[in-house]
Amino acid sequence: MKTQIEQNGIVILTKEASDSLEGSGLWNDDLRPTTMKEHSWKGLNFATLWIGMCLCIPAYTMASGLISLGMNWWQAIATIFIGNVIVLIPILLNSHAGTKFGIPYPVFARLWFGSKGAHIPAMARAIVAAGWFGINTWIGTGAIDTLLSASFSFWSFSGHTVIVFALFWLLNVAVAYKGPQAMKYLSLIATPVVGISAIILLIWALTNSGGWGPILSTPSKFQTTSEFLKVFFPAVTGVIAFWATLALNIPDFCRYARSQKSQMVAQSFSLPLTMTIFSFIGIAVTSATMVIFGQALWDPVALLAKFPPFIIFLGTLVIVISSLTINVGANVVAPARAIENLNPRRITFGLGAIITGLFAILMQPWYIMENFGNYIFGWLGTYGALLGPIDGIAIADYWLVRKRQMALHELYDVNGRYSYTGGFNKNGVYALIIGVAVPVLGLIIPGLHFLWDNAWTFGLIVAIIAYTYLMKGDQSVLKKGEYEKITSYKNSVSGNLADTVDGSSPNVDLY
């Protein structure tokens, strides 16, 4: 029986297949595959999504952390660019699965960990995202609190920071409650607002300092290449880890893409270029502050507090919009989906968003951001060691083991091939253990510390090799010709999927 239809490289379920899954414990309206009409995101939507998420305070201050470790400005910028180009590779590879099959990340994880085992990578991603949710909420809280204190003399009462944190937390959760489609419109607002604000800030800095300032002429503190590389490798791992979270759950957004080409081109340009340019703006503006104020103001909030009240008010709005964009897009969608996947029949995305917000508080973001050591080497480095192997397993399964073919409806069937034995794919579990264990050896054996310094990279490569080897001959893999037996192919009259396929085709009843 034909259970799925492929058109222009996008696969959807037939109406009969989707109707048969309505009572499944693995199915609900949030987790189901997207319809052809829902594949409506253009390249512009993905570009604004990434630009909106990249234009945030952590990205602005990332270069300052690298410079504080001894790099000069161009070494820091080069490290940021290289790290983002590297992490772009798994982002694009996992984007393909989301675009082609219209599935969110927890459902994608069922493919390589099983219907129950998918909770392992989904919750691992959720914990990291909840940590990031807390970090960005804390950063936004500090920014708003500082700017209120600079504007109003009475804003010094006991507990004012707690009140701001609670209100800003509620605002983030309320926006997240609306679901991932809200990001499509939020990013369209945030991208021009924050982007133009950054350009204005750069122009102000250059105009008032009469040049680029001393930081851009400060040499590197490293005397030899060896000294530089000791810092470069863990630093680039930290940069990779900054977006390693999205490398996993990017299907949550790409499931709405109109085509593979539109999402690939938009993401390829918007992520690395935005992060690099925005980091340079941060360095250039900070360098100028040494001339203007006699001190380096790496924190944009501390810089903003130097301006008149009206400018502070506008700056506060920009920071709120920026923090909301990255929090909802990068830090709520994945954990909310993971929590929803624990019990799709009872837990909604909105409830998952609320639970994510509560867990973020328990992650103590104020400790993580206490100093750059905790941030780059502790937080970013540690979760990079966990997410690297998961990224590797996802890539190996979809591209090397299954070669981009799957029985879509069986991802939602409790007795389907992707439930494996008891709901767990033991090969995925073993590959994850191996992928994490190899970098951890670098913490135990001094001579192998380079493994930990590059934990994400080594974990990813090792997991790819281990998983591909373990899955040889696995029964869940479609045999030759089996994909064609369950798939109907339909050619589009025009290139616009949303317009040509509306569910009323006289040839095939599309869901």
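Hi everyone, let's start at a turn: in the hairpin of β1 and β2, which has 2 residues between the strands, Asn-8 takes a positive phi near 50°. Strands here are DSSP runs of E with at least two residues, and helices are runs of H or I with at least four, numbered from the N terminus.

A quick word on the model. It is predicted, so local features need pLDDT of at least 70 and side-chain atom pairs count only at pLDDT 80 or more, while totals for chains, interfaces and linings use all residues. Residues are numbered from 1 along each chain as its sequence is written, and side-chain values use heavy atoms, with hydrogens and water left out.

β1 and β2 run antiparallel and are joined by 4 bridges; two strands pair if DSSP finds at least two bridges between them. Ile-5 has Ile-12 in β2 as its bridge partner. On the other hand, β1 (residues 4-7) runs parallel to β3, with 3 bridges, and Gln-4 stands opposite Thr-487 of β3.

Put together, that gives an open sheet of 3 strands, ordered β2-β1-β3, with mixed pairing. β2 (10-13) and β3 (487-489) each have a single partner strand and stand at the edges, so one side of each lacks a neighbour in the sheet.

And the faces of β1, buried or exposed? Both are covered: Gln-4 and Glu-6 on one side, Ile-5 and Gln-7 on the other, are all buried (under 20% relative accessible area, with exposed over 50% and partly exposed in between, using a 1.4 Å probe and protein chains only).

Now to the helices. The axes of α3 (residues 57-68) and α9 (residues 225-249) come within 11 Å and cross at roughly 170°; axes are lines fitted to C-alpha atoms over the stretch in contact, and angles run from 0 to 180 degrees between N-to-C directions. The two are therefore roughly antiparallel, a label for angles over 145 degrees. Pro-58, Ala-59, Met-62 and Leu-66 of α3 make the contact with Ala-235, Val-239 and Phe-242 of α9, where contact means heavy atoms within 4.5 Å.

Finally, the largest nonpolar core has 145 residues, and Trp-112 and Trp-243 have the most contacts inside it. Such a core is a set of buried Ala, Val, Leu, Ile, Met, Phe, Trp, Tyr and Cys residues joined through side-chain atoms within 4.5 Å. α9 gives the most to this core, with 14 residues. Leaving aside neighbours within four places in sequence, Trp-112 has contacts including Tyr-105, Pro-121, Ile-390 and Tyr-467.

Key
Angles under 35 degrees count as roughly parallel, over 145 as roughly antiparallel, 65 to 115 as roughly perpendicular and the rest as oblique.
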